[in-house]
Amino acid sequence: MGQVADQMKMINALRKAQKELKNEIVEVEAGDGAVVVQINGELKVKSVKIDPERVDLDDIEELEGWIKNCFADGYAKAQEIATEKMKPMMSDLGGLMGGMGA
């Protein structure tokens with residue numbers, strides 16, 4: 001019965017961490033604020049803002065580069081947050097799995 005209780009605790013902790021990750025928002029910008037992207041800890045895009053005053057429409061490649069950089073940086077930072085939040089549970093999970101003969 002103790003093993004099942006431990007498993008239920010782990011499942012509840014994972015669910016709680018997932019809910020918390022929804023609320024963790026990473027904001028990154030490029031081009032001195034021309035592009036601002038927000039990504040949450042679940043790696044979902046929350047918003048993309050482009051300031052038309054800071055964009056040169058004759059240089060769309062520059063804008064595309066800023067957008068690409070924002071997403072790359074945002075996903076990397078959000079992944080770090082998710083990894084840090086889940087790390088304690090992964091070690092606990094490893095202990096549970098080891099105790100089950102896996």
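Throughout this report, a residue is called buried when its relative accessible area is under 20%, exposed when that area is over 50%, and partly exposed in between, with a 1.4 Å probe and protein chains only. Glu42, for instance, is partly exposed, with a relative accessible area of 27%.

The structure is a predicted model, so local features need pLDDT of at least 70, side-chain atom pairs count only at pLDDT 80 or more, and totals for chains, interfaces and linings use all residues. Residues are numbered from 1 along each chain as its sequence is written, and side-chain values use heavy atoms, leaving out hydrogens and water.

## Overall layout

Let us begin with the whole chain. The protein has 2 helices and 3 strands, arranged along the sequence in the pattern α-β-β-β-α. These elements are DSSP runs numbered from the N terminus, with helices (H or I) of at least four residues and strands (E) of at least two. Of its 102 residues, 25% count as buried. The protein exposes about 7,000 Å², and carbon and sulfur atoms supply 53% of that area; accessible areas come from the Shrake-Rupley method with a 1.4 Å probe, and for residues only the protein chains shown count as cover. Contact here means heavy atoms within 4.5 Å. Among contacts between residues at least 6 apart in sequence, 52% join residues at least 24 apart.

## Helix H1

Helix H1 covers residues 2–23, and its end C-alpha atoms lie 32 Å apart, which agrees with the 32 Å that its 22 residues should span at 1.5 Å a residue. The expected span is 1.5 Å times one less than the number of residues. Which residues of H1 are buried? They are Met10, Ala17 and Leu21. Seen down the axis of H1, the buried residues fall within an arc of 40°, so they line one face of the helix; the arc is that of the directions from the helix axis to the C-beta atoms. The face turned away from this buried side carries the exposed residues Lys9, Lys16, Lys19 and Asn23.

## Salt bridges

Side chains of opposite charge can pair when their charged atoms come close. A salt bridge is taken here as a side-chain nitrogen of Lys or Arg within 4 Å of a carboxyl oxygen of Asp or Glu, and by this rule the count comes to 6.

| Salt bridge | N to O distance |
|---|---|
| Lys16 and Glu20 | 3.9 Å |
| Lys44 and Glu42 | 4.0 Å |
| Asp51 and Arg54 | 3.2 Å |

Salt bridges that share partners join Lys16, Glu20, Glu24 and Lys85 into one network. Why are Lys16 and Glu20 separated by about one helical turn? Because the two are 4 residues apart in helix H1. Lys16 counts as exposed at 54% relative accessibility, while Glu20 counts as partly exposed at 30%.

In the second pair, Lys44 is partly exposed, with a relative accessible area of 48%. In the third, Asp51 counts as partly exposed at 25%, and Arg54 is partly exposed at 43%.

## Two buried residues

Gly33 is found in the loop between strand S1 (25–30) and strand S2 (35–40). Gly33 counts as buried because its relative accessibility is 17%.

Ser47 sits in strand S3. Is Ser47 buried or exposed? At 17% relative accessibility, Ser47 counts as buried. Leaving aside neighbours within four places in sequence, Ser47 is in contact with Val36, Val37 and Gln38.

## A nonpolar surface patch

Patches are made of residues with over 30% relative accessible area and no salt bridge, where nonpolar side chains (Val, Leu, Ile, Met, Phe, Trp, Tyr) are joined within 5 Å and like charges within 9 Å. Leu43, Val45, Val48, Ile50 and Tyr75 form a nonpolar patch of this kind on the surface, with about 370 Å² of accessible area together. Strand S3 (residues 45–50) contributes the largest share, 3 residues. Tyr75 is found in helix H2 (residues 60–99) and counts as partly exposed at 33% relative accessibility.
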